[in-house]
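Here are my notes on the strand layout. Please read them with the model open.

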Amino acid sequence: MKVEIPVEITLLDPPPGVSYALQHGKDELRSRVRSSGSDLVFGVTLTLAGRLESGAPRFVGGFAQGPAVERFVYITIGTSAGDPLSPWTRRAKIHVSGITWEMVEKVQAMPGHVIAGCFPGTDKKGEPSCASLRPINEGWGVVASE
């Protein structure tokens, strides 16, 4: 049985003037946006398809990238997000392995809520964060949808 799980990914304080998009499948870009320097919020739907051997939720579908035991969502940046004039060609991996069954059950029982996580939008050099990003603060949680 497959269940759709709403997820919000927030990039905190990304550099202004940079293009971002969600990667769906191998090369489809969705929700393309140019940063103004304010936080960026991306909504995705992850498909839950049972459990991994570890007992953790097993996510599948177009936004779930990577090996089953370490799924992530790609946020493309710069030329990877379709901006041919950008000086950056990057992708950020937003790991979803921290999403628990408790969160899944809670979001299913609470219409209008999502599983949400905040991630750094800017690296130490002031450039767009990329590579493997982990949630900041308390990690993933269930919140009312914006």
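1. Strands here are DSSP runs (E, at least two residues), numbered from the N terminus. Two strands pair if DSSP finds at least two bridges between them.

2. Axes are lines fitted to C-alpha atoms, and angles run from 0 to 180 degrees between N-to-C directions.

3. This is a predicted model: local features need pLDDT of at least 70, side-chain atom pairs count only at pLDDT 80 or more, and totals for chains, interfaces and linings use all residues. Residues are numbered from 1 along each chain as its sequence is written, and side-chain values use heavy atoms, without hydrogens and water.

4. How do strand 4 and strand 5 pair, parallel or antiparallel? The pairing of strand 4 (residues 40-51) with strand 5 is antiparallel, over 3 bridges. Opposite Leu48 stands Phe59 of strand 5.

5. Another open sheet of 5 strands runs in the order 3-2-6-7-9, and its pairing is mixed. Its edge strands are strand 3 (28-34) and strand 9 (131-133), each pairing on one side only. With direction ignored, neighbouring strands of this sheet are turned by 30° against each other on average.

6. Strand 7 (residues 89-95) pairs with strand 9 in the parallel sense, over 3 bridges. Ile94 has Leu133 in strand 9 as its bridge partner.

Definitions and conventions
Helix = DSSP H or I, 4+ residues; strand = E, 2+ residues; numbered from the N terminus.
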